[in-house]
Amino acid sequence: PEGRRGAKEQGYVAAWDMYATLAGLADEDPTDVKAMAAGLPPIDSIDVWGTIMGENSSIRTEVAIGDTAALGPNGDGKALVGGIIRGKHKLIVGAKDKMRMVDQYVQTGPSWPNRTSGSGHTYPLAHAKHCGITPKDGCLFDIHADPRERHNIAAENPDVFRELLGRVDTLQTSVFSPVRGKKDPKACEVANKAYGGYWGPFISEQSSSS
């Protein structure tokens, strides 16, 4: 609606909330019944249409931050909860397998890549930060007062740090991290030939059934 254009909301909405939101608009139940029957965790998707329309505040109280134990881009590794946003606080936790280092600790321009990309100064993977599991070496930010995350307040707020770290550990117990199989070069071949360089389905129904 025209009245909602340019409106600002302080609450949280995650990209994966669009699943439950669109399902709600279609009057469909977003519950993954097959996954439930297989004993998998329920979906982490919330219908936020009321928030978008300004009818209520966001009902999402936290956002889990995804990470991986993989040592390089597109590598194989266990899915991890690499931090959490709750209220005004954001906790970042580096993976143990990566010596608690977090990649891409850098701010790019509004439009990226740009002419500075090749200089290395704003190449995200060239910037890393140690984010450990104690208030002394951890990474905690007040993203309301410090949206650029420049002032680490972990040492000043050990109780908040430990509470959020405990929540990360709890969420990790229900992370879905399946064995994804071996890399198949056909995925790249189909992406280049059929999808203009974008990822897409590359296993035909016939080959998968055989």
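Predicted model: local features only at pLDDT ≥ 70, side-chain atom pairs only at ≥ 80, totals over all residues.
Four strands form an open sheet in the order 1-2-3-6, and their pairing is antiparallel. Strand 1 (62-68) and strand 6 (139-142) are the edge strands, each with pairing on one side only. From one strand to the next, the twist averages 20 degrees.

Within this sheet, the neighbours of strand 3 can be followed residue by residue. Strand 2 (residues 79-86) pairs with strand 3 (residues 89-92) over four bridges, in the antiparallel sense. Here G83 has I92 of strand 3 as its bridge partner. Strand 3 and strand 6 also run antiparallel, joined by four bridges. In that pairing, K90 has F141 of strand 6 as its bridge partner.

Helix 4 (residues 158-172) comes next, as it lies across strand 1, strand 2, strand 3 and strand 6. The helix runs at about 140 degrees to strand 2. The largest nonpolar core has 12 residues in all. Among them are V81, I84, L91 and L140, together with F161, L164, L165, V168 and L171. Strand 2 and helix 4 are the elements that give two or more residues to this core, and helix 4 gives the most, with five residues. Leaving aside neighbours within four places in sequence, L164 is in contact with I84, R86, H89, L91 and L140. There is also a second, separate core of nine residues, which includes Y12, I92, V102 and F141.

In helix 1 (residues 17-25), the buried residues are D17, A20, T21 and A23. These residues lie on the same side of helix 1 because they cover an arc of only 165 degrees around the axis. Helix 3 (49-52) is included in what covers the buried residues of helix 1. In helix 5 (residues 186-194), the buried residues are A187, V190 and A191. Their arc around the axis is only 105 degrees, so they too are placed on the same side of their helix, helix 5. N192 and K193, on the other side of helix 5, are exposed. After helix 5 comes G196, whose phi is positive, near 65 degrees.

Turning to the cysteines, a search of the whole structure finds one disulfide. The disulfide joins C131 to C139, with an S to S distance of 2.1 Å. The link of C131 and C139 is left-handed, with -90 degrees about the S-S bond. C131 counts as buried because its relative accessibility is 1%, below the 20% limit. C139, in turn, is buried, with a relative accessible area of 0%. A further cysteine, C188, is partly exposed, with a relative accessible area of 40%.

Finally, two residues stand out by their backbone angles. Most residues other than glycine have a negative phi. D27, although not a glycine, has a positive phi of about 60 degrees. D27 follows helix 1 and is found in the loop between helix 1 and helix 2 (33-37). With a relative accessibility of 70%, D27 counts as exposed. The other residue is E149, which is not a glycine either and has a positive phi near 55 degrees. E149 is found in the loop between strand 6 and helix 4. At 14% relative accessibility, E149 counts as buried.

Note on methods
Residues numbered from 1 in each chain as written. Heavy atoms only, no water. Buried < 20%, exposed > 50% of the residue type's maximum accessible area, 1.4 Å probe, protein only. Arc of directions from axis to C-beta. Contact = heavy atoms within 4.5 Å. Pairing = 2+ DSSP bridges. Axes fitted to C-alpha atoms, helices over the stretch in contact; angles between N-to-C directions. Core = buried A, V, L, I, M, F, W, Y, C linked by side-chain atoms within 4.5 Å. Disulfide = S-S within 2.5 Å.
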